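Reader: Please show me the model, and then take me through its contacts.

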Number of protein chains: 2
Amino acid sequence: MAEEMEQWLSSLLRLTDEEEKMTEKQIKIIQAAVDIFADKGYASTSTSEIAQRAGVAEGTIFRHYKTKKDLLLSIIAPVMSKLVAPFVLRDLHQVLDTEYERFEDFLRAMMRNRLEFVVKHAPIVKIMLHEIPFHPELQSQFKEQLFPQVGERLKRIITHFQSRGDLIEMPPFALLRMSVSAIMGYIFTRCYLFPEHDWNDQEEIERVVNFIMHGLAPRKE
Amino acid sequence: MAEEMEQWLSSLLRLTDEEEKMTEKQIKIIQAAVDIFADKGYASTSTSEIAQRAGVAEGTIFRHYKTKKDLLLSIIAPVMSKLVAPFVLRDLHQVLDTEYERFEDFLRAMMRNRLEFVVKHAPIVKIMLHEIPFHPELQSQFKEQLFPQVGERLKRIITHFQSRGDLIEMPPFALLRMSVSAIMGYIFTRCYLFPEHDWNDQEEIERVVNFIMHGLAPRKE
DNA sequence: CTTTAAAGTGAGTAATCACTCACTAATGAG
DNA sequence: CTCATTAGTGAGTGATTACTCACTTTAAAG
């Protein structure tokens, strides 16, 4: 069962499905854009610089992408949906409905897998985090589509374990917020604040999971 | 004692010391810049737009600030240092050395105060978060000056309470990371993700403090 | 080989950029 | 009032911007 879940999670690490139908130059353009966007930010990156780094004429960029923003969105969109994919797919429900699953196993598997994803796509995730607040389309995609789905699903998971007495009585949203804070806190520190530090992921994940489990366990008098 | 600490913390909320020696137009410029920077980002804000919003000629901006970046830094710098001020000042040490202080009181006071600070200066903090990664001067100021000081001081605080048996045995940096994650997780959700939500800060702060205290308490067999 | 569509090019363009400068207005000390 | 310093102005500047378009190259199907 745990193995099934691991396998299924692993399948969610890939970004695109084998880079379908892209010319060599188009791939170069995306790579160059990701590099420079992550380095200097979208707004202060010029299309001429992207073309130069990609070894392409500037016109080639606009043959494939109508505008500069189009290029940005084509980079961010797949990461945005894949990042939260494990919490959206219908599979999740059936995975979780197996009675013998424990909350900490769920936490461990999810944290390990999402960390792996962010490590693998760090530059694009960085671009995403920086650009979401400045592009209303991205904001609404997150706030009106992704979050409600994900939030609702995770809330149900939380209440499931709560009703089994594994978690303290508390509004599910607060429980969710604190679990996610602890997990993201590590991923952020690990990937963006001190990426060059020599991290022992295994150990740190155990620490965070224990932190959450003890912090949110029902209080015994 | 707790009152002393509260008073001292409150004094750290103000940004500038009564806006010294600024003309009316200069203040207008700063306000306009903060507004637009927070809204669209530094790189995609033009000086002409700032001038327009401030009701000033474009030349006036450059009378007071040599470059556009100069304007940005004059906005960010004071927030950057004031944001971490409570963890840098020498005062902190003597406040903490009082034996009867408990870790959870420290957490509570700090969290309440820093939340208040971020609420008060939310737009500038947003600008800061977005621009730090793209401006090496800011990065190094954070990584080489602020963090080492703050980190070292906080580590000492952690080990202090650890040696009293209030906290679990664990590398201080990990303890620090998890405490800060939990606190920042709330402040971030509260101020940036869902600022319009009807938050009960008092209640939520208690939840986070309890989460941390239980999550990091020494494990009893 | 011929044809056709798509991929790729790079000089060109109008708009916008941060910034300058020669100038006027306001202010405050002597 | 006088004068000197600072604050404020806005037209002007060269550089850069995202994007276009008439053109050439590539490649695969018939």
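**Contacts in the predicted model**

Author: A polar side-chain atom of A:Lys25 lies 2.9 Å from a phosphate oxygen of DNA strand C. This is a predicted model, in which local features need pLDDT of at least 70, side-chain atom pairs count only at pLDDT 80 or more, and totals for chains, interfaces and linings use all residues. Residues are numbered from 1 along each chain as its sequence is written, chains are lettered from A and ligands numbered from 1 in the order in which they are written, and side-chain values use heavy atoms, with hydrogens and water left out.

Reader: Which element gives the most to the surface near DNA strand C?

Author: Helices are DSSP runs (H or I, at least four residues), numbered from the N terminus. The element that gives the most, with four residues, is H4(A).

Reader: How much area do chain B and chain A bury between them?

Author: In contact (heavy atoms within 4.5 Å) are 39 residues of chain B with 39 residues of chain A. Buried area is the accessible area (1.4 Å probe) that two parts lose on being put together, summed over both. Carbon and sulfur atoms carry 70% of the total, which is about 3,000 Å².

Reader: What is the count of salt bridges between chain B and chain A?

Author: A salt bridge is a side-chain nitrogen of Lys or Arg within 4 Å of a carboxyl oxygen of Asp or Glu. A:Arg177 forms one with B:Glu204, where the closest N and O atoms are 2.9 Å apart. The count between the two chains is four.

Reader: Which helix gives the most to the side of chain B that touches chain A?

Author: Several helices of chain B each supply at least two residues to this side, including H2 (24-40), H9 (136-163) and H11 (201-216). The most, ten residues, comes from H10(B).

How values were computed:
Polar contact = N/O pair within 3.5 Å; in protein donor to acceptor, adjacent residues only side chain to side chain.
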